[in-house]
Amino acid sequence: MALTSRPRGTNDIIPGEIELWHELEGKIRQVCHAYGYHELRTPIFEHTELFQRGIGDTTDIVEKEMYTFVDRGERSITLRPEGTAPLVRAYIENNLGSGALPVKLYYYGPMFRYERPQAGRYRQFTQFGFEALGSSDPLLDVEAIALPIDLYKSCGLSGFQVELNSIGCAECRSVYRKELTAHFEPHADNLCRSCQGRLHRNPLRLLDCKVESCQVIAKDAPKITEYLCPDCADHFSQVQKYLDTLGISYVLNPRLVRGLDYYTRTVFEVTSSELGSQNAIGAGGRYDGLVQELGGKETPAVGFAVGVDRLLLALKNQGKLQLSPSGPALYLVHFGGETKHKAAELAQGLRGRGLWIELDYADRSIKAQMKAANRLNSQYVLIIGEDELAKNQAVLRNMGDGQEESVALDELEQLITIVGACGK
Ligand code: ATP
Ligand code: MG
């Protein structure tokens, strides 16, 4: 059993599905290019401390979701549960902030969280995220919303909603935290265990709790936006003005705080109406304190992470993911012996030019080979017969319209011109 079943919460991406991932990955690279973001690849695992410091001890991720182990050198190692802390670590370690600012970076790859697996929630999942470091310009906050929207739109996704809030800076939050604690304290007995534990350590997180009894109490909680200091209030109003300028619609949600501790000021989340309860397809915000927290210079920053698995799920549910079936450019039908050697030689030459070429490996009948070519959806078939081979000729059949023509086997370029026009 263990040998033939993958660990809970993981997925295999098999041929037929992987093409959709490739297509989406292409769109991700395209949209990052348009906004000037460059890819940064970090290790899959990091020192555990990076996430404890970078994400925060009171977060769900650090409290209960990390895959942590001690390696053979007695170091505590964690499979990355998110991409921002590693990216910031790499930004500091490689001194990437020494030139012009802001520095715009993106990452793409697997993340690991020990969660209860369900549709759209896995233990290994893929995130695409991007971060702009070195500027507090509210226009960058807005571009961090505009970029994923461009991506969603380029995939054909509709029915998504942007929720927006500002959670201020340390200064405005210290006043707000007191008010919030005072609001929740009389109800402490009715809060879930996690929230009881967080009430004094990190009361903002209580607004984010998914437990219904906690949500009821959170409903009348004071709103952070009423406690913003003048600078944060101004920043938030500029964010909204730019959003209006760019024609991006959004909904203000004063209870949106985001799960990670490092956020400051703007936070946002995008949800899809195509998904059930796991409906967040991306989230992000500003984190002006993180770079310093991890040992770098004071550096304001803003970013966003897209759940790629969930985005694909939303697209599938919307019926937006139909790829035109692809197939080989050419299937070489041979009669064994010399003709098979000629087929092998031709295949090598054409593959060297990047064309997808298939041939029979089982010396099957011509009928069976034609059937195989059909099943593979091959654009052309080249029939290399013994008599034709003696004359250096073969019959090329267009599988689309059934037209046949004789081609010279020593003129590879002619074949490439015809077959290559169908794509690779
Ligand atoms: P959620 O509220 O759904 O747990 P989150 O706040 O933990 O999400 P983030 O850490 O902000 O999520 O990650 C950004 C995006 O990554 C999410 O919006 C979601 O699309 C995706 N994501 C997060 N956790 C998972 C998971 N376990 N499986 C699949 N996708 C996930
Ligand atoms: Mg989560």
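These legends describe close-up views of a predicted model. Local features need pLDDT of at least 70, side-chain atom pairs count only at pLDDT 80 or more, and totals for chains, interfaces and linings use all residues. Residues are numbered from 1 along each chain as its sequence is written, and side-chain values use heavy atoms, with hydrogens and water left out.

**View 1. An open sheet of 5 strands.** The strands (DSSP E runs of at least two residues, numbered from the N terminus) follow the order β13-β12-β14-β15-β16, with mixed pairing. Pairing requires at least two DSSP bridges between two strands. From one strand to the next, the twist averages 25 degrees.

**View 2. The pair β12 and β13.** Strand β12 (residues 330–334) runs parallel to β13, with 3 bridges between them. Tyr331 has Glu358 in β13 as its bridge partner.

View 3. The ligand has 16 residues around it, of which Arg113, Glu115, Gln127, Arg258 and Ala280 come nearest; a residue counts as near if one of its heavy atoms lies within 4 Å. β10 (280–286) is among the strands supplying at least two shell residues each, and its 4 residues are the largest share.

**View 4. Polar contacts of ligand 1.** A polar contact is a pair of N or O atoms within 3.5 Å. A polar side-chain atom of Arg310 is 3.0 Å from a ligand oxygen atom. For Gly282, a polar backbone atom lies 3.3 Å from an oxygen atom of the ligand.

Key
Chains lettered and ligands numbered in written order. Axes fitted to C-alpha atoms, helices over the stretch in contact; angles between N-to-C directions. Polar contact = N/O pair within 3.5 Å; in protein donor to acceptor, adjacent residues only side chain to side chain.
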